[in-house]
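Please read this short briefing alongside the structure.

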Amino acid sequence: MKTKITVNNNGSLKVEGDFYVVDPQGNEYNLQGREVVSFCRCGLSKNKPFCDGSHKGHFEHDAVAFELPPRKV
């Protein structure tokens, strides 16, 4: 399955598919076989970089897709 990232309203980035996650040194997080994880966008999670639901009532963002400007070359 192609990797899919969903920007949730008032919350996390949900990642689904075939992926792996590494820290800045290249060490891989052990996802325990998960094919779906959510990443924190609010900065309040105690389980960063993963979402733990701490954003509820503390983070607002209406996720609406738009076209990015052309890439700078």
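Leaving aside residues up to four places away in sequence, E16 touches M1, K2, T3, K4, T6, E35 and V36; contact here means heavy atoms within 4.5 Å. The model is predicted, so local features need pLDDT of at least 70 and side-chain atom pairs count only at pLDDT 80 or more, while totals for chains, interfaces and linings use all residues. Residues are numbered from 1 along each chain as its sequence is written, and side-chain values use heavy atoms, with hydrogens and water left out.

- E16 lies in strand β2, residues 13–16. Strands (E, at least two residues) and helices (H or I, at least four) are DSSP runs, numbered from the N terminus.
- E16 is buried but has no salt bridge. Buried means under 20% relative accessible area, exposed means over 50%, and partly exposed is in between, with a 1.4 Å probe and protein chains only.
- The nearest side chain of opposite charge to E16 is K14, 4.1 Å away. A salt bridge needs a side-chain nitrogen of Lys or Arg within 4 Å of a carboxyl oxygen of Asp or Glu. Lys and Arg count as positive, Asp and Glu as negative, and His and the chain ends are not counted.
- E16 has a bridge partner on each of two strands: K4 pairs with E16 of β2, and E16 pairs with V36 of β3.

**The sheet**

- Three strands form an open sheet in the order β1-β2-β3, with antiparallel pairing. Two strands pair if DSSP finds at least two bridges between them.
- The edge strands are β1 and β3, each of which pairs on one side only.
- On average, neighbouring strands of this sheet are turned by 20 degrees against each other, direction ignored. The axes are lines fitted to C-alpha atoms, for helices over the stretch in contact, and angles run from 0 to 180 degrees between N-to-C directions.
- β1 and β2 pair over four bridges, and β2 and β3 also pair over four bridges. In the second pair, L13 has F39 as its bridge partner in β3.
- β1 and β2 form a hairpin with five residues between them.

- Which residues make up the largest nonpolar core? The seven are V15, F19, V21, L31, V37, F39 and F50. A nonpolar core is a set of buried Ala, Val, Leu, Ile, Met, Phe, Trp, Tyr and Cys residues joined through side-chain atoms within 4.5 Å.
- In soluble globular proteins, nonpolar side chains tend to be buried together.
- V15 touches residues including I5, V37 and F39.
- The covered face of β3 holds V37 and F39, and the uncovered face holds V36 and S38. In a regular strand the side chains alternate between the two faces of the sheet.

**Backbone details**

- N10 has a positive phi of about 50 degrees although it is not a glycine. N10 lies in the loop between β1 (4–7) and β2 and, at 33% relative accessibility, counts as partly exposed.
- Q32, in the loop between β2 and β3, is also not a glycine and has a positive phi, near 55 degrees. At 58% relative accessibility, Q32 counts as exposed.
- The peptide bond from K48 to P49 is cis, with omega near 10 degrees. P49 is in the segment after β3 (36–39).
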